[in-house]
Amino acid sequence: MEKKKEACLVCGEELQYFAVDREMECVYCHRKFMSKASCKAGHYVCDECHSKTAVLHIEEFCLKSQSKNPLEIAVKLMEDPYVYMHGPEHHVLVGSALLTAYHNCGGQLDLPAALDEMRARGSKVPGGACGFWGCCGAAVSTGMFVSIATGATPLSNETWGLSNRMTACALHSIGDIDGPRCCKRNAFLAIRDAAKVVDKQLSIKMEMPDSIVCTFYQFNKQCIGKRCPFNPVNH
Ligand SMILES: [Zn+2]
Ligand SMILES: [Zn+2]
């Protein structure tokens, strides 16, 4: 099956990005949005419609998974044809993979409720937040994971600190490599950092592969090649 990565959901054309917002109508829900992205034929699909199916698949898969390895879960989720090479569904995917592995490793949480919460919170982070906000959604997803796993709120003490430090730690690793963005690279970095934080701070040892080798790079037109620690040329 051919994967149409970073292509229009409607016509398969490539996506294009503008420097400033333009008003666009979502071809699915017909609501109007200000956006910097459309396909070259002018189609625009809002973030919500784009990732709705993907996000439902993520939750469905996670509820059935017995895996204790968040990276393995994430890769399985990324192989779903509804999960695109790049897209805001990764903002839910990263935290969901972590919550699932954490739970399967003995972490105390109500997984269905936690995944619902992850879906609600992660879906609020728009596509392109990495470049436009300076705050990659995969990193934010690790902060949401820690917040949900520890029950943090804006009024919490240590768990508030840990959630913010988690996001900062992942953002640091992601920023150090420079762009262009890659939702796979950033997800791998974020999960790797989260596994370390969970081990050290929450005393749950999740399984991780000895080395992470990307199996998606051939679908990424902006792959940074040997600058990416997960590119096969580095293994
Ligand atoms: Zn199109
Ligand atoms: Zn829509």
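Helices (H or I, at least four residues) and strands (E, at least two) are DSSP runs, numbered from the N terminus. The model shown is predicted: local features need pLDDT of at least 70 and side-chain atom pairs count only at pLDDT 80 or more, while totals for chains, interfaces and linings use all residues. Residues are numbered from 1 along each chain as its sequence is written, and chains are lettered from A and ligands numbered from 1 in the order in which they are written.

**Figure 1**
The C-alpha trace spans about 50 × 40 × 30 Å along its principal axes.

**Figure 2**
Of the 235 residues in the protein chain, 40% are buried. A residue is buried if 20 or more other C-beta atoms lie within 10 Å of its own, exposed if 12 or fewer, and partly exposed in between, with C-beta atoms placed from the backbone. Two residues are in contact if their C-beta atoms, placed from the backbone, lie within 7 Å. Among contacts between residues at least 6 apart in sequence, 62% join residues at least 24 apart.

**Figure 1. The largest nonpolar core.**
A nonpolar core is a set of buried Ala, Val, Leu, Ile, Met, Phe, Trp, Tyr and Cys residues joined through C-beta atoms within 7 Å. The largest one has 54 residues, and A74, A190 and I191 have the most contacts inside it. Two or more residues of this core come from each of α1, α2 (70–78), α3, α4, α6, α7 (158–177) and α8 (183–201). Helix α8 gives the largest share, nine residues. Leaving aside neighbours within four places in sequence, A190 is in contact with V94, A138, A139, S141, T142, A170 and I174.

Helix α4 (residues 111–122) has 12 residues and reaches 16 Å from its first C-alpha to its last, close to the 16 Å expected at 1.5 Å a residue. The expected span of a helix is 1.5 Å times one less than its number of residues. Buried in α4 are A114, L115, M118 and G122. Seen down the axis of α4, the buried residues fall within an arc of 95°, so they line one face of the helix; the arc is that of the directions from the helix axis to the C-beta atoms. An α-helix has 3.6 residues a turn, so residues three or four places apart point the same way. The buried residues of α4 pack against α1 (47–64), α3 (90–104) and α6 (137–150). Exposed residues P112, A113 and A120 are carried on the face turned away from the buried side of α4.

**Figure 2. Helix α3 and the residue G106.**
The end C-alpha atoms of α3 are 21 Å apart, which agrees with the 21 Å that its 15 residues should span at 1.5 Å a residue. In α3, 14 of the 15 residues are buried, so this helix is largely enclosed by the rest of the structure. G106 follows α3 and has a positive phi, near 105°.

**Figure 3. Residue E59 in helix α1.**
E59 belongs to helix α1. With 17 other C-beta atoms within 10 Å, E59 is partly exposed. Leaving aside neighbours within four places in sequence, E59 is in contact with S96, L115 and R119. E59 and E89 are 30 residues apart along the chain, and their C-alpha atoms are separated by 11 Å.

Most residues other than glycine have a negative phi, and most peptide bonds are trans. A cis peptide bond joins G179 and P180, with omega about 0°. P180 lies in the loop between α7 and α8, and D178 is also placed in the loop between α7 and α8. D178 is not a glycine, yet its phi is positive, about 70°. D178 has 9 C-beta neighbours inside 10 Å and therefore counts as exposed. S203 is in the segment after α8 and has a positive phi near 55°, in a residue other than glycine. S203 counts as exposed, with 9 C-beta neighbours inside 10 Å.
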